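Please have the sequence and the structure open while I talk.

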Amino acid sequence: MQWFNLEDNINLLSLIGALAIILLTVFVVGKYMKQMKESKSEGELSEHNWDGIGEYKNPLPIGWAVMFVLTLVWAIWYYLVGYPLNSYSQIGEYNEEVKTMNAKFEKEWANPDLKTLHAMGESIYLVQCSACHGITADGINGKAADLTVWGSEKALVDVILNGSKGLDYPMGEMPGGMSDEEGAKAIAAYIAKELSGIKKTSNEDLVEVGRAQFAVCASCHGDDGKGMDGMSPDLTKYGTSEFVMDVLRRGKKGAIGAMPKFDDGRLNDIQQKAVGEYILSLSK
């Protein structure tokens, strides 16, 4: 991309404005420098002085005031009229190209199979996520979330015991110690089998016990586990790519920094789904 293009209206307006400000500044400064050299300072001193140095009650310089007002007028005109939304600019051209490519991508990959999603998700993961979570997605020795267990019953137990932070839900962060280890296993079994997208558990005998103890979770997630209209995470999506997509869209504050919100144009819906399917495949 060229630094400057005369066919780019936005660049042209910026250059005209910059040149006008420079010329006005040179003219006004030159004028007052000349006056300072040709005449002695005179006028009424203010009541303030600093170590014997006084200050004249001079009126605001007309040239400076005119330049200041003209700059404000130009800035307002530039913002409201000179930079119309439909005017050509290199940035606008780039945005249109991105929009076109995204539409082409979504059309080409409208219905990818699971194998394709895994391959796509792995390539995106290595570029966007591996710097923090590691190439093997294990969280680099606890520095970030271990994604090899995400969406699993084991991860549910860990969250119930240690809490969950950084997702910025209206209900706030989930504290640790919501249950003891046996209770956590029971609640996780109930969520995994009856509420989540996992639809199975390794502790069938604990499901009913977990159902009774889920009351401690229902105060935030609701009796149905759906998160009370976005007030907290929707547990019925847990174990599916939709849950991962929710996290990608919300971003997350972690121990080594903040994970960005990937719905800002970095990843489209299909790419987010691909990342979700790939991450879920790691825990199977």
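Of the contacts in the chain with a separation of 6 or more, 53% are between residues 24 or more positions apart. Keep in mind that this is a predicted model. The chain has 13 helices and four strands. Its radius of gyration is 31 Å, while the globule rule gives 19 Å for 284 residues, so the chain is more spread out than a compact globule. Taken along the principal axes, the box filled by the C-alpha atoms is roughly 100 × 55 × 35 Å. As for burial, 33% of the 284 residues are buried.

Now the helix pairs. Two packed helices are described by the angle between their axes and the distance between the axes.

Take helix H7, residues 153-162. Which of its residues are buried? They are Glu-153, Ala-155, Leu-156, Val-157 and Ile-160. Part of what covers them is helix H8, residues 181-195. The angle between H7 and H8 is about 130°, and their axes are 8 Å apart. Angles over 145 degrees would count as roughly antiparallel and 65 to 115 as roughly perpendicular; H7 and H8 are therefore oblique to each other. The crossing of H7 past H8 is right-handed.

On the H7 side, the residues that meet H8 are Glu-153, Leu-156, Val-157, Ile-160 and Leu-161. On the H8 side they are Glu-181, Ala-184, Lys-185, Ile-187, Ala-188, Ala-189, Ile-191 and Ala-192. By class, this contact has 10 nonpolar residues, three charged ones and no polar ones. The spacing in such lists has a simple background. An α-helix has 3.6 residues a turn, so residues three or four places apart point the same way.

What happens just after H7? Gly-163 takes a positive phi there, of about 85°. Further on, in the loop between H7 and H8, comes Ser-179. Is Ser-179 buried or exposed? Its relative accessible area is 18%, and the cut-off for buried is under 20%, so Ser-179 is buried. Ser-179 lies 19 residues from Ile-160 in sequence, yet the two are 6.7 Å apart in space, C-alpha to C-alpha. Setting aside neighbours within four places in sequence, Ser-179 is in contact with Ile-160, Leu-161, Ala-184, Ile-187 and Gln-213. Ile-160 and Leu-161 also belong to the H7 side of the helix contact, and Ala-184 and Ile-187 to the H8 side.

The second pair is H12, residues 241-250, and H13, residues 269-282. These two pack at about 120°, with 8 Å between their axes. H12 and H13 are therefore oblique to each other, and H12 passes H13 in a right-handed crossing. From H12, the residues in the contact are Ser-241, Val-244, Met-245, Leu-248 and Arg-249. From H13 they are Asp-269, Gln-272, Lys-273, Val-275, Gly-276, Glu-277, Ile-279 and Leu-280. The classes here are six nonpolar, three polar and four charged.

Ile-140 has a phi near 50°, a positive value in a residue other than glycine. It is found in helix H6, residues 139-142, and at 29% relative accessibility Ile-140 counts as partly exposed. Lys-199 is also not a glycine, and its phi is positive, near 65°. Look for Lys-199 in the loop between H8 and helix H9, residues 207-213.

How values were computed: Residues are numbered from 1 along each chain as its sequence is written. This is a predicted model: local features need pLDDT of at least 70, side-chain atom pairs count only at pLDDT 80 or more; totals for chains, interfaces and linings use all residues. Side-chain values use heavy atoms; hydrogens and water are left out. Axes are lines fitted to C-alpha atoms, for helices over the stretch in contact, and angles run from 0 to 180 degrees between N-to-C directions. Angles under 35 degrees count as roughly parallel, over 145 as roughly antiparallel, 65 to 115 as roughly perpendicular and the rest as oblique. A crossing is left-handed if the near helix is turned anticlockwise from the far one by less than a right angle, and right-handed if clockwise. Contact means heavy atoms within 4.5 Å. Ala, Val, Leu, Ile, Met, Phe, Trp, Tyr, Cys and Pro count as nonpolar, Asp, Glu, Lys and Arg as charged, and the others, Gly among them, as polar. Buried means under 20% relative accessible area, exposed over 50%, partly exposed in between (1.4 Å probe, protein chains only). The radius of gyration is taken over C-alpha atoms; the globule rule is 2.2 Å times the number of residues to the power 0.38.
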